[in-house]
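Here are my notes on the helix packing in this model. Please read them alongside the coordinates.

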Amino acid sequence: MYKIQTNNSGTRHIDVSEENLQTIEKYALLDGLVASNGIVDESTLEKLKQNVRSFVMQNDDCKDLIKLCYEVLYHDNMKVYGLRELIMLYLSWSEQKEE
């Protein structure tokens, strides 16, 4: 289990499981999400949520994606700061997995 910080002050967190990270990888949710300028903002978070909604509507069997939404993406604490942290966690997790 991993924990990401979701605000600047460090008072809010979200737990992210290995299964959540595998789901992100399975659906390639972060591929092409961030613009070439590297800025993660509200529109980036909204784009991710729209992409996820699209996957859910197109797939009958996506319990893992729904679980990711419930536990991470649509969590009350998920804001732009949290998305940045999730992206960094995912990149780190991907690197470790390749080694």
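**Notes on helix packing**

1. The axes of helix H1 (residues 18-26) and H3 come within 9 Å and cross at roughly 120 degrees; axes are lines fitted to C-alpha atoms, for helices over the stretch in contact, and angles run from 0 to 180 degrees between N-to-C directions. H1 and H3 are therefore oblique to each other (under 35 degrees counts as roughly parallel, over 145 as roughly antiparallel, 65 to 115 as roughly perpendicular, the rest as oblique).

2. On the H1 side, Glu19, Asn20, Thr23, Ile24 and Lys26 meet Asp64, Leu65, Lys67, Leu68, Glu71 and Val72 in H3 (contact: heavy atoms within 4.5 Å). By class, this contact has 4 nonpolar, 2 polar and 5 charged residues.

3. H2 and helix H3 (residues 63-73) have axes that come within 10 Å and cross at roughly 155 degrees. The two helices are therefore roughly antiparallel to each other. From H2, the contact is made by Leu48, Lys49, Val52, Phe55 and Val56, and from H3 by Leu65, Ile66, Cys69 and Leu73. Its classes are 8 nonpolar, no polar and 1 charged residues.

4. The model is predicted, with local features needing pLDDT of at least 70 and side-chain atom pairs counting only at pLDDT 80 or more, while totals for chains, interfaces and linings use all residues. Residues are numbered from 1 along each chain as its sequence is written, and side-chain values use heavy atoms, leaving out hydrogens and water.

5. The protein chain averages a pLDDT of 93, and 100% of the residues score at least 70 (pLDDT: the predictor's confidence in each residue, from 0 to 100). Helices (H or I, at least four residues) and strands (E, at least two) are DSSP runs, numbered from the N terminus.

Definitions and conventions
Nonpolar A, V, L, I, M, F, W, Y, C, P; charged D, E, K, R; others polar.
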